[in-house]
Amino acid sequence: MNAYEYASKANGSFALPDACFKVKALMDDETSNVEDFANVISVDPSMTSRLLKIANSAIYSFPGEISTISRAITIIGTQAIYNMMLVDIASSAFKHFANQAIDLKRFWRMSVFCGLATKNLAIKAGIRDIERMFVAGLLQNFGELVVAKFTPEVAKRCENYSPEALPWQLQQEQLGFSYTEISAELLKIWQIPEKIILPIRHFNQAHNIQINKDVKVLYLASRLALVDSDPEIFVYDETVDESLCSSLGIYEEDLAEAAEFATDEADNILTIMNANLY
């Protein structure tokens, strides 16, 4: 199977809820208002509860308590609310594709860590709309779960990475493409905004000097997540590319701060997303 075929099978197995498409339609409608968004989201009490938890979490770091969806929309904005919905949906999707072919504890931790590190580095790089960068970091490796579900033997082989055979290299060797390419194809089918998909789709072109900041930041964050996941195998000095850091105006202390932030907040976010893996 190619990346699109994997994504198509995944889409046939798990579809986005109607609320996600309705919110996206409202975002495209200039006549929509705060109450329109709140009415769509509040129909699902469970989603409302989780979105409020996310709105009050370290992802957004708002100084006061946000107690209603309407207030969250007014303060944070419709794009951020949509991004939070994607985080909530990711929780359900990740669980749907769970199986024994891969280490789910590692997968969850790396995904959340990468999202948090991406957000933090995006700030350092002067990127706007950092919430979407968190979502991109969280979803970039979703393809791993898809491969594990439909071809578990391939996913197992891709887990045998090392400093000499990085995860992306093994995926290319075993599949002919990377997990991020599957992720990008699936998110496109789900009609996720292109600004979220772009850094995921071009992940492996991060060293192209003409590629945009989003791609480079996501690539660096994924490296930090790899070091966090397997510190006995990988170290910062050998894993993080200094030339990419320089092109973004990011320094060693910025990488350390991003890693510390992601480490401190990962357990919080995992709890909010109901990823009770420990």
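The model is predicted, so local features need pLDDT of at least 70 and side-chain atom pairs count only at pLDDT 80 or more, while totals for chains, interfaces and linings use all residues. Residues are numbered from 1 along each chain as its sequence is written, and side-chain values use heavy atoms, with hydrogens and water left out.

Helices here are DSSP runs (H or I, at least four residues) numbered from the N terminus. Axes are lines fitted to C-alpha atoms over the stretch in contact, with angles from 0 to 180 degrees between N-to-C directions.

| Pair | Axis distance | Angle |
|---|---|---|
| Helix 6 (78–96) and helix 8 (130–139) | within 9 Å | roughly 15° |
| Helix 5 (69–76) and helix 6 | 7 Å | about 120° |

Helix 6 therefore runs roughly parallel to helix 8, a label for angles under 35 degrees. Their crossing is left-handed, as the near helix is turned anticlockwise from the far one by less than a right angle. In terms of contacts (heavy atoms within 4.5 Å), Ala80, Asn83, Leu86, Val87, Ala90 and Phe94 of helix 6 meet Glu131, Arg132, Phe134, Val135, Leu138 and Leu139 of helix 8. By class, that comes to 9 nonpolar, 1 polar and 2 charged residues. For the classes, Ala, Val, Leu, Ile, Met, Phe, Trp, Tyr, Cys and Pro are nonpolar, Asp, Glu, Lys and Arg are charged, and the others, Gly among them, are polar.

Helix 5, on the other hand, is oblique to helix 6; oblique is what remains after under 35 (roughly parallel), over 145 (roughly antiparallel) and 65 to 115 degrees (roughly perpendicular). Ala72, Ile73 and Ile76 of helix 5 meet Thr78, Ala80, Ile81 and Met84 of helix 6, giving 6 nonpolar, 1 polar and no charged residues.

Asn141 sits in the loop between helix 8 and helix 9 (142–150). With a relative accessible area of 15%, Asn141 is buried (under 20%, using a 1.4 Å probe and protein chains only). Its side chain makes a polar contact of 2.7 Å with that of Glu144 (N or O atoms within 3.5 Å, one able to donate a hydrogen and the other to accept it). Leaving out residues up to four places away in sequence, Asn141 touches Phe107, Tyr179 and Ser183.

Tyr179 and Ser183 are among the buried residues of helix 12.

Key: Helix = DSSP H or I, 4+ residues; strand = E, 2+ residues; numbered from the N terminus. Buried < 20%, exposed > 50% of the residue type's maximum accessible area, 1.4 Å probe, protein only.
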